[in-house]
Structure formats: structure tokens, C-alpha cells
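Please report on the strands, helices and aromatic rings of this structure. Keep it short.

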Amino acid sequence: WTCESTRMAAAPPSYCFVAFPPRAKDGLVVFGKNSARPRDEVQEVVYFSAADHEQESKVECTYISIDQVPRTHAIMISRPAWLWGAEMGANEHGVCIANEAINTREPAAEIEALLGMDLVRLGLERGETAKEALDVIVSLLEEHGQGGNYYEDANSCRSFQSAYLIVDRDEAWVLETVGKYWAAEKVTEGVRCICNRLSLTTKMDAEHPELRSYAQSQGWWTGEGEFNFSEVFSPVEDHLDCGAGKDSLEKQEESITVQTMMNTLRDKASGVCIDSESFLTTASGVSVLPQNRSSPCIHYFTGTPDPSRSIFKPFIFVDDVKLVPKTQSPCFGDDDPARKEPRFQEKPDRRHELYKAHEWARAIIESDQEQGRKLRSTMLELEKQGLEAMEEILTSSEPLDPAEVGDLFYDCVDTEIKFFK
């Protein structure tokens, strides 16, 4: 399979951010991501428990199968419902990863390989720290390459290179890739934003051993002077601007909190929250990773489009997590048009129960001003109750009772659906 490339415009800027103390409040690392995807695409939020795997077993990713590892970690991910990987997510060890499709001087491979989103999930399943997840991603990238259609669309094929933000309680890694070549920067302070253009310059803390000689062989670098990753690998006509979105968080005078991150993701004026003819922020996530190991990490997911009209619902990893079928799309198994070749010959209805309930709410908010305003303020009130309950967990000196939070995400989704009815 290769793409019959009818090139769509470049991917819209979808953003991810991380803020470290002291910019972030109270010794917390705060991570956030908006996923800008085709308007009608459904994103589901799914939990997978930790698992042991048979020797020599394989794992079927979106387009290709690769060797499985002996043990995978528990993960909670938000993903376009037709693919295997994830746009963003977290694992039980407090590692969070998000990726961005980026355009570089070198067009992405059109053969089916690992999607950037597959690598997000593989990093979460196999990495106990941000650095371990980084190593997992780059070794799989070198072994299997990246490529394949990013969209559930037989009529156009878009393949991208990827950038990743990989975060744990101590540090973050910004990883940017061009084919199998890559560079990464370690971040331990301040605020960092990545969107769909290269951001690494001359500070690289790790890189592919042949990165520079490859750039020279392509005639993109003379070998003289400083090596600046974005200057060397960015497309010549790179007009994308991530500036306003980047500033929206960096300009915060106050300490950055979970609420600040949510407000940033909801900001349409800066372009962080996308709502255009062809693209929409189809799902969002925020995570709080306390640097103090005795507090749990808390992960918030919307599971619905447009964060300015969605509720961020909390999730905490414990041994007995209650599964949430209402944020899971129908499963079509081997009959799924995304799995059969030729792919994407039809588009099944992938809406899950929460998505359907939310469609009703969105229509009200758009059409009827008075009722819409009321609805939106009730939604924010629900969210605020969740945030306050989580604040108590973070500031409490008592150890967390797993029984109390195993149903947390389930209950929030349930309440939200009831409330839309």
C-alpha cells in the first residue's frame, strides 16, 4: 500500500504544553494537550490494564504488527476511534505522552509503518519514566519507521513526521523526528509548548548518531558552524505560526494550575482551541503530576470535541479501575473498514454514548442563547466540583483510598450523560 497523494493542506496546529515548578503551582508538573483532527472524527477514552504477554507474541498496531514485550503497563488513552495508537495518554507510572503531526523538509513515508500515534501508545505501555519512553520510541522508530495515512479517508492520504512531548514527575523530553532520524531536548523548568512545527534549535540532549551526517548528505547542512535542528530540517516555505498559542501559557503572571491549563486549551482567540471548517479540537487532556511521590497523579480527559464546551473528567490509576464503556466506540473487529485492505472504503458510525449525549448539548449551546448559557454554566459547575475533590486528594496528608477513586472517571461520565438527558 502507498498513498495516492492528494495532498491536503498542512495539519492544523494542535498544541501540547508542560509547566514545571516554580511556574506551576505547589510542586506540581502540569501537562495539557489539544488534539486537532478532522471535524467529524470521534475520539474515545479507553483504559487498558497492565498485562503479561507470551514469549514471541506480536502486537497489532494500526497498520503493522511488531514484537510484543513481556509486560505492558496500565494505560489510559484518548484516541481516534479507528486506530490502535493514541493522541495522548498516561500510564500507571505517571508518564504522559502526546504527539503532534509535523511538516519537515523531508516528506513523511507513504508506506504503512508505525503511526506517530502508535508510538505514543507504545511509549506509554513500555516506559516507566519519560526517558525510558523516549528510548522505546526512538528504537522502534529506527526499527520500523513511521508512515501511513493519518486520517480515516480513502480519498486523500496524509502522512506526517511526528514530534512528541514525553513527561513524568521529574522531567520532560521534547522529541522531534524526521523519518528514522531524531533529536531530543530535556526540559526540567519553565513552560514548554510544542505544536506542528519543529522547535528544537541548538540545544539537543540526545540525537540519532547519524543525524548530522544525514543532514550533510542531503545538502541541508554544510557541516560548518552550529547545528540548528529546526533550521536544517524545517520546510523551506514554513509559514506555520505557533506563536500566539505558545504565548498564551507563557504570559501567565500567576502560577500555572490545572485550571490555567484547561483555560489555555479552551482559548479560541489564540488558536490553541481549533474550530475551523475542516478541523476541530476533537478531544483534550490535562494531567497533574505531583513531584512529591506520595501524592497520586491525576489525569483529566474530555472524550468529547471542543474543550470550551466539554467537561474535563478526572481519572486516577489504582488496581481496580472500573471500565467506562460509555466513552468507548463500537468495536467492528476484523470487519472494520480501517483494518481491511483496501482501507477506508466506508466510514462506520463510531460515536460512543458520551459523544452522542454531548452532541445534543453542543446543539443547545450553539442555538439557544439563554438555555445554552445555563447549560454551559452547569457543565463548568460539575467540572469545578471534580477539580475541588481532586484538590483535596492532592493536599490531604492521608494516603489515597483506592476504593474511593476506582469508579471516579466512570461516575463523572455517568453524571455528565444523565445531566445532558
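This is a predicted model: local features need pLDDT of at least 70, side-chain atom pairs count only at pLDDT 80 or more; totals for chains, interfaces and linings use all residues.

Residues are numbered from 1 along each chain as its sequence is written, and side-chain values use heavy atoms, without hydrogens and water.

Strand S3 spans residues 43–48. Strands are DSSP E runs of at least two residues, and helices are H or I runs of at least four, numbered from the N terminus. Five of the six S3 residues are buried, so the strand is largely enclosed by the rest of the structure. Buried means under 20% relative accessible area with a 1.4 Å probe, protein chains only. S3 runs antiparallel to strand S8 (residues 75–80), joined by six bridges; pairing takes at least two DSSP bridges. Tyr47 faces Met76 in S8.

Helix H5 (residues 243–250) buries Gly245, Ser248 and Leu249. They cover an arc of only 85 degrees around the axis, which puts them on the same side of H5. The arc is taken from the directions from helix axis to C-beta atoms.

Aromatic pairs number 18. Rings of Phe, Tyr and Trp (its six-membered ring) pair with centres within 6.5 Å; planes under 30 degrees apart are stacked, over 60 edge-to-face, the rest tilted.

| Pair | Type | Centre to centre | Plane angle |
|---|---|---|---|
| Tyr15 and Phe17 | stacked | 5.9 Å | 5 degrees |
| Phe315 and Phe317 | edge-to-face | 4.8 Å | 85 degrees |

Tyr15 and Phe17 are both buried. Phe315 is buried at 4% relative accessibility, and Phe317 is buried at 16%.

Notes: Buried means under 20% relative accessible area, exposed over 50%, partly exposed in between (1.4 Å probe, protein chains only).
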